[in-house]
Amino acid sequence: MSVSHSSHLNKCVRERYMKLPQRGQVLVTYVWIDGSGEGVRCKTKTLDYEPTCLEDIPEWAFSGFATQQAEPFENCMYLIPVQMFRDPFCLDPNKLVMCEVLEDNRKAADTNLRHTCKTVMEKVKDFHPWFGMEQEYTLMGVNGRPFGWPENGFPEPQGPYYCGVGADKMFGRDIVESHYKACLYAGVKIGGTNAECMPSQWEFQVGPCEGIIIGDHLWMARFILHRVCEDFGVVATLDPKPMAGNWNSAGCHTNFSTEPMRKAGGLKYIEDAIEKLSKRHHHHICVYDPHGGKDNSRRLTGQNGTSVIHDFSSGVARLGASIRIPHQVAQEGFGYFEDRRPSANCDPYAVTEALVRTLLINEASSETTDYNKN
């Protein structure tokens, strides 16, 4: 069976209960990153009022040992709400809340990379850093095979699948469109979606978002994706290389710009940024996947539109470069650049913090004052 047993349950029965009145009470689902640094967890509590801001949502606790985030006898962890969304599954007035995780001593958990990212973003706020992240993922059956692929074989080679149309080419569009609508309802800053080169592989884009917001919205978009897939009985994997061989890998290409880059003459600032990135290539490779570069070593091979992991490269409209300058940006002389190195399972807080640290953190104290005068 390629789909889960739960997907065969009668959803009309569920709808009967979803229509019951809540009598002024509200379900708030707390979402957080678990000890793997890749997975998300959630649990729900009842409030007797509808929260209108984060201050209306109380902190909560959970068992860190059960989520690989604490030792057996030191397992109390705390959920700190940081971003609130509408709930597309239980509908208004219910909420989804993205949370940071703190240990019992109130220090950030090991996989709470938002904590330092927020501090860094605050230091460079005068540069108004914008991010857009392109999340690739693959739909898998519960049997471990890509959804829609032959049970004992392979589909036709890549070619007709990218942005394709047709029952013989597209697998899971219902899931993709359901996820898109759910994100829009929730208030996630989702910008678009498309089918990728490998059958059953898709992409959605989040952004542009300024500063820390990009991480909050991408993580919530991932949570919503997993929940939608749960309803359909399939699995969304962020594995950077889900299928060996001549099949595309999965990344999370990250677009970046500062206010000077977005103004006339901004190409100079983009080129300066690329020069800085070239000097810290190894550091970024280590940060750009949760396993210190090991996942990207399977992905960044120089094949299927990727760069070579050990070599830094850049160019205009080059899909096989570490850093790509879009053709339109080169023509107009301002805009943004695309870092194509982050893996699909990256932590967006880690990726965006690394970019800001390399490109802006040393300038925040020395150049921000001059920048504000212009």
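**Strand E8 and its surroundings**

Strands E7 (residues 190-195) and E8 run antiparallel and are joined by 5 bridges; two strands count as paired if DSSP finds at least two bridges between them. Strands, marked E and of at least two residues, and helices, marked H or I and of at least four, are DSSP runs numbered from the N terminus. The model is predicted: local features need pLDDT of at least 70 and side-chain atom pairs count only at pLDDT 80 or more, while totals for chains, interfaces and linings use all residues. Residues are numbered from 1 along each chain as its sequence is written, and side-chain values use heavy atoms, with hydrogens and water left out.

E7 and E8 make a hairpin with 5 residues between them. In the turn, serine 200 has a positive phi of about 80 degrees. Alanine 195 has tryptophan 202 in E8 as its bridge partner. Tryptophan 202 is also the bridge partner of tyrosine 137. Strand E6 (residues 130-140) pairs with E8 in the antiparallel sense, over 8 bridges. Of the 10 residues of strand E8 (residues 201-210), 7 are buried, so the strand is largely enclosed by the rest of the structure. Buried means under 20% relative accessible area, exposed means over 50%, and partly exposed lies in between (1.4 Å probe, protein chains only).

Tyr137 is among the residues with the most contacts inside the largest nonpolar core, which has 70 residues; the others are Met98, Val188, Met220, Ile224, Phe256 and Phe337. A nonpolar core is a set of buried Ala, Val, Leu, Ile, Met, Phe, Trp, Tyr and Cys residues joined through side-chain atoms within 4.5 Å. Helix H4 (residues 213-232) gives the most to this core, with 10 residues. Leaving aside residues up to four places away in sequence, isoleucine 224 touches Pro88, Phe89, Leu96, His179, Ala182, Cys183, Ala186 and Val188, where a contact means heavy atoms within 4.5 Å. A second, separate core has 14 residues, including Val28, Tyr30, Leu47 and Cys99.

Charged pairs come next. Side chains of opposite charge can pair when their charged atoms come close. The structure holds 19 salt bridges, each defined as a side-chain nitrogen of Lys or Arg within 4 Å of a carboxyl oxygen of Asp or Glu. One of them joins arginine 324 and glutamate 338 at 2.5 Å, N to O. Arginine 324 lies in strand E12 (residues 323-325) and glutamate 338 in strand E13 (residues 337-339), so the pair ties together parts that are 14 residues apart in sequence. Arginine 324 is buried at 16% relative accessible area, and glutamate 338 is buried at 1%. Arginine 341 and aspartate 339 meet in a salt bridge of 2.9 Å, N to O, and both are buried.

Methionine 18 lies in helix H1 (residues 11-18) and, at 35% relative accessibility, counts as partly exposed. With Val13, Tyr17 and Leu20, Met18 forms a nonpolar surface patch of about 370 Å² of accessible area together. Patches are made of residues with over 30% relative accessible area and no salt bridge, with nonpolar side chains (Val, Leu, Ile, Met, Phe, Trp, Tyr) joined within 5 Å and like charges within 9 Å. Accessible areas come from the Shrake-Rupley method with a 1.4 Å probe; for residues, only the protein chains shown count as cover.
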